[in-house]
Amino acid sequence: EWDRWLLMGLIGTAVGMLGFFIHQIIDSLIKLKWDLVENYLQVSKRNNLYLLTGQDGNIHMTWLCALGFGLAMVVLSSGSVLFICPAGSPSGLPEIIGYLNGTSIRHLFNIKTFLGTFVSCVLAVASGLFCGPEGPMIHLGALLGCGLSQLQSDTLGIHLPIFTRFRNSADKRSFITAGAGAGIASVFRAPIGGLLFVLEEVSSFWDIRLAWQTFFCCLMATFTMDLLSSSLSGFVYRGHFGFFEAEKRILFWNLLDMNVLAFIPTILLGMLGGLLGALFVSLNIKINKLRMQFFNSIPKLSLRKTSKLFRQMRTTTYYIFTLLMFCISPHLFLCVAAAALLVENGKQGITYLFKRGTHEEFGYTSLCTALAFYFILSCWTAGSAVASGLVIPMLYTGALYGRIVGLILVSIFGVQTNEYGAWIDPGLFAAIGAASFFSGVSRLTISLTVIMVSMLS
């Protein structure tokens, strides 16, 4: 079995490297986008967040530059899915689950699908849409698991004469399962979470040998991702290769002494997460049904794809324009902190919401406004013609209403500095709210708990 373990290690390493490149490219594109509009912006700092306001006479150029850059990335992202890899739309996760449970899907594991999904995912996240790279990373990890284990490609004309004994349906599915788990493990730096995710959500055919091998693959993906990220940021070497900084991996680690009273708002947050999660799923299903009815009414396939592209462009124009009006001109809405939350990328915003000891950093108005925007727009984005994931929007939405509940407790009991009242912290309840909404939408339990624990401590 040494060759099977070797392949599992190679797949994990390759997935970790791919995850690293995806995050580095996304960060570089986001930086490039704001560098381009920097000449037309005044940057001020409030509540540790950077706020953007247009200079006199340049506000229209600011909007045009930021809108044009974001729209161009969305058009390329949508075009990559519609015209290069239809099998990659929108995230690839349902297709992977279907394949591993016995459904054959054409073009799901070819090189065009890999390239199209990679480009679409990077551009969609960097454009500012309310989405993340998690779903596409699962698909890309499964693609690497398939390609590296089979070592053959009809498209490229490659048929290597090694590892030929794995060219059968059962082994192929095992490596695809491991690659999918490595994809989720590399995103959250949670190897156990990646293993449990594919066990709970993805695959129905399982044995103890595959569990150990998948865990090894996830472990290699996490290690590779952390190793490369330890010294590179935006493809710029910053030294300390191999030094794993806890502050860059863990959102908070200062544990709080808990009181039994903390379980009361926790239970309420769990119920709220279930209700809002059900509402989110119901709205998303209805939106996607309307999309399907509209596009299925167009007879020609080429016209249907073109219509999807133009509809995505129109929707994104309204989407980005509204956000720019809200974020670049926050004084029009009397809600500066909400604008700061929305202008940040999702991962950074979640870090701010989880921050401990910031009891009054965000008010009710900013949190409620950001919650309404994020809930509606992430629901609309899910299922659109771009390769995108839902985990970041789920965590962000849950963190927003969790922090609102924490703020309510602070309003009732005040800011507590003693050890018996330290649990009354909006950052703590933001983390609990994030887990509740994630669970309400995804219906995950065990793997979600492990992933959240890996992220937070």
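**Entry 1: a starting question**

Are Phe130 and Tyr374 buried or exposed? I looked both up and found that Phe130 is buried, as is Tyr374; buried means under 20% relative accessible area, exposed over 50%, and partly exposed in between, with a 1.4 Å probe and protein chains only.

**Entry 2: the model**

I noted that this is a predicted model, in which local features need pLDDT of at least 70 and side-chain atom pairs count only at pLDDT 80 or more, while totals for chains, interfaces and linings use all residues. Residues are numbered from 1 along each chain as its sequence is written, and side-chain values use heavy atoms, with hydrogens and water left out.

I then checked pLDDT, the predictor's confidence in each residue from 0 to 100. The mean for the protein is 81, and 83% of its residues reach 70 or more. Helices (H or I, at least four residues) and strands (E, at least two) are DSSP runs, numbered from the N terminus.

**Entry 3: aromatic pairs**

I found eleven aromatic pairs in the structure. Rings of Phe, Tyr and Trp (its six-membered ring) pair if their centres lie within 6.5 Å; planes under 30 degrees apart count as stacked, over 60 as edge-to-face and the rest as tilted.

Phe130 and Tyr374 form a stacked pair, 3.9 Å centre to centre with 10° between the planes. Phe130 lies in the loop between helix H4 (111–127) and helix H5 (134–150) and Tyr374 in helix H14 (residues 364–381), so this pair ties together parts 244 residues apart in sequence.

Tyr401 and Phe437 pair edge-to-face, at 6.2 Å centre to centre and 85° between the planes. Tyr401 is in helix H15 (residues 391–413) and Phe437 in helix H16 (residues 426–442), so the pair ties together parts 36 residues apart in sequence.

**Entry 4: the nonpolar core**

I looked next at the largest nonpolar core, which has 100 residues. Such a core is a set of buried Ala, Val, Leu, Ile, Met, Phe, Trp, Tyr and Cys residues joined through side-chain atoms within 4.5 Å. Phe109, Phe188, Leu395 and Leu400 touch the most other members. H15 gives the most to this core, with twelve residues.

I also listed contacts (heavy atoms within 4.5 Å) of Phe109. Leaving aside neighbours within four places in sequence, they include Ile96, Tyr99 and Ile176.
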